[in-house]
Amino acid sequence: MTDHKNEREIVLDMLLEVIEGDQFSHAVLNNTLKRYQDRPKHERAFISRLFAGTVKHYITLDYIIEQFSSVPVRKMKPLIRNLLRLSTYQLMYMDKIPASAVCNEAVKLAKRRGFAGLSGFVNANLRTIARRKDDIRFPDKDKNFGYYLSIMYSVPQWIADMLLKQYKPEQVETMLIASLREKDITIRCNIKKATPDELKKLLSNEGVTAAEHPYLKEAFIIKDFDYLEGLDTFKKGLFTIQDASSMLVGKIAGAKNDDFVVDVCAAPGGKSLHLAENAALVSARDLTEYKVGLINENIRRMGLNNIETKVWDARVLDPDIVGKADIVIADLPCSGLGVLGKKYDIKYKLTQNQQKELVTLQREILDVVCRYVKPGGVLIYSTCTVDRRENIDNMDWFLRNHKDFEAENINDFLPEELHSDTTKNGYLQLLQGVHPTDGFFICRLRKTKQTLC
Ligand SMILES: C[S@@+](CC[C@H](N)C(=O)[O-])C[C@H]1O[C@@H](n2cnc3c(N)ncnc32)[C@H](O)[C@@H]1O
């Protein structure tokens, strides 16, 4: 049973949960689409697009609203400012919707939600924006590039400034543009159940278009489906949703038939499932019962029987596995600045302090889990961020403090177009927009025979 809210009201409530509350955009969107799975496809598509677009662009939208409003956005009632945001998004980015329809719907919604007294304010602001769109003055690129990036690509200025210290200005702009684009959905074929060709045919029978990914033969970029989890091929575990960057972790780990793998931060299990295709046994761990439940759910769907799961805090040494793992996967919690295209509220919720704490946590976990690697085994460290302090700086720090590990050339595991000086030196930094993947970091560190750890 679903309620009778129209699509705009549904989006308004989603925005209140995410922008004003502490919920995460991807979780709220998934739950909403599940809840309204009986609604027509075009309504569900409208909800997704309007919600994602408004969240992704809301710094830009607030800047536009404030060009014309006498009241600063932060002083407006939460419901009113989010109604203005979602309506301004339609006016600026959804040009098939007539401005009059946007204004009328917003007025009706303000009244319906008990703000009849402010419906005139909503109407006046929206009609002004619609009429004077072309008069909007955006910041001057040459005066303060960080501020310009912040307003144009809706990212807090401290993040833009931080990235500008680490990358060339044009690379930062490319990454920020990519993070606003609609993300392709990439899947990995479960080669235990079907070949990539068979999967492609079965998907096509379900009306889904699957295009080969340039980096991996088992990866497809899929289009033309409505509810992915409703597909027969999904329910039968013939594929898993995973970005190609994450799949490269599995490739760079290079598991062999008799390998014992420990994945210390494994939920929801993407990398563990991938490695289990080749390894003898994977021990997949995460912090809570809930998270481990997600891994178990995926193991069942994919039909794998060589993964065992365990609730375990990666900061705490597990004496049972010290010196036993051929491969340790440390795909650690990170700032997520490489996946802004999917988790589009991370940029607003992350603070500078949290980012510093993440570096400390990553080092704390690496210090512990490197002890599970057996002599001659490998530690794979990865993150889904482009922040150098969490990536190459952490790798350098680790090697300085663990002289019994050395970085290893990873070219043999990668398609030729990804070979570079850094991959010869043991690591790969992917940048969204520059590469056809999320922003992602992976390094391969071999434990030399003599053990000092
Ligand atoms: C980047 S995600 C892992 C994604 C996963 N490797 C995959 O491919 O599906 C990081 C994970 O670390 C877990 N985590 C955070 N702190 C942890 C800790 N102290 N011990 C174990 N897991 C932790 C989080 O619950 C989260 O699931």
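Ala266 touches Lys271, Ser272, Ala284, Arg285, Asp286 and Ile295, leaving aside residues up to four places away in sequence; a contact requires C-beta atoms, placed from the backbone, to lie within 7 Å. The model is predicted, with local features needing pLDDT of at least 70 and side-chain atom pairs counting only at pLDDT 80 or more, while totals for chains, interfaces and linings use all residues. Residues are numbered from 1 along each chain as its sequence is written.

Ala266 is located in the loop between strand S5 (260-263) and helix H14 (270-275), where helices (H or I, at least four residues) and strands (E, at least two) are DSSP runs numbered from the N terminus. Ala266 counts as buried because it has 30 C-beta neighbours inside 10 Å; the term buried requires 20 or more other C-beta atoms within 10 Å of a residue's own, exposed 12 or fewer, and partly exposed a count in between. Gly269 is in the loop between S5 and H14 and, with 27 such neighbours inside 10 Å, is also buried. Its contacts, again without residues up to four places away in sequence, are Ala284, Leu294, Ile295, Asn298 and Ile299. An unreviewed UniProt entry places the feature "binding site" at positions including Ala266 and Gly269; such annotations may be inferred rather than shown by experiment.

In helix H18 (residues 392-401), the buried residues are Asn394, Met395 and Phe398. Seen down the axis of H18, these fall within an arc of 100 degrees, so they line one face of the helix; the arc is that of the directions from the helix axis to the C-beta atoms.

How values were computed:
Two residues are in contact if their C-beta atoms, placed from the backbone, lie within 7 Å.
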